[in-house]
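Work through the exercises below with the sequence and the model at hand. Try each task before reading its solution.

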Amino acid sequence: MTTNTMTAVPVRLDFDAHAPIFARAMNHLDHAATKQLDSAGIDHGLRELLRLRVSQLNGCAYCVDMHSKNARAVGEAQIRLDAVPVWRETPFFSVGERAALAFAEAMVAMADSHVPSSEFEALAEHYGADEIAALVALVVTVSAWNAIGVSTRAWTPGSYEL
């Protein structure tokens with residue numbers, strides 16, 4: 001019989017305590033990205049799906065936990081959240097959501113793919129320039145948070161509360 005035991009993942013660096021100026025700047029960046037998303041009228045569910053997918057790709061356990069909880073809080077169905085890693089193989093996402101997910105994935109993999117024109121063009125079929133700019137701001141911001149979380153293990157996975 002197997003028992004489930006949790007393994008502690010130690011914090012490497014209390015980033016907020018040791019880089020308080022930058023931590024505040026990150027919070028300002030996050031608020032600016034949110035305002036841009038609001039201004040562009042980007043759906044809250046799509047925002048959380050993209051935040052979740054980017055965090056999955058970047059391997060940030062704390063962020064995956066946080067964005068899963070936030071997505072449920074804005075009404076995302078569990079079946080869609082479970083399918084985010086395999087969104088291409090499921091019927092649960094609209095064509096526009098698929099374009100946004102593909103574009104976000106291309107941004108995360110930009111060192112390898114340089115964000116192909118085909119991904120941008122597919123996104124532009126469903127979103128205008130202001131919306132695309134807001135989505136870029138979202139992916140950039142989440143990726144920055146992910147870089148802090150993954151490199152420093154500053155936040156304990158599972159500890160996020162709404």
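## Cysteines and cores

C60 counts as buried, because its relative accessibility is 2% and the cut-off for buried is under 20%. The model is predicted.

**Exercise 1.** Classify C63 as buried or exposed, then find how many disulfides the structure holds.

*Solution.* Start with accessibility. C63 has a relative accessibility of 2%. Buried means under 20%, so C63 is buried. Next, look for sulfur pairs within 2.5 Å. The structure holds 0 disulfides.

**Exercise 2.** Locate N146, decide whether N146 is buried or exposed, and list its contacts beyond four places in sequence.

*Solution.* First, the element: N146 lies in helix α9, residues 129–152. Second, the accessibility: N146 is buried because its relative accessible area is 0%. Third, the contacts. Setting aside neighbours within four places in sequence, N146 contacts V54, S55, N58, C60 and C63. Both cysteines from the steps above are on that list.

**Exercise 3.** Describe the largest nonpolar core: its residues and the elements that supply them.

*Solution.* Begin with the members. The core has 29 residues, and I42, L50, F93, A100, L123, Y127 and L135 touch the most other members. Now assign elements. Two or more residues each come from α2 (20–40), α3 (44–58), α5 (78–83), α6 (95–108) and α9. The largest share, 7 residues, is from α6. Then zoom in on L123. Beyond four places in sequence, L123 touches A99, A100, F103, I132 and L135.

**Exercise 4.** Which residues does the second core include?

*Solution.* This core is separate and has 12 residues. Among them are M26, C60, W145 and A154.

Definitions and conventions
Residues are numbered from 1 along each chain as its sequence is written. This is a predicted model: local features need pLDDT of at least 70, side-chain atom pairs count only at pLDDT 80 or more; totals for chains, interfaces and linings use all residues. Side-chain values use heavy atoms; hydrogens and water are left out. Helices (H or I, at least four residues) and strands (E, at least two) are DSSP runs, numbered from the N terminus. Buried means under 20% relative accessible area, exposed over 50%, partly exposed in between (1.4 Å probe, protein chains only). Contact means heavy atoms within 4.5 Å. A nonpolar core is a set of buried Ala, Val, Leu, Ile, Met, Phe, Trp, Tyr and Cys residues joined through side-chain atoms within 4.5 Å.
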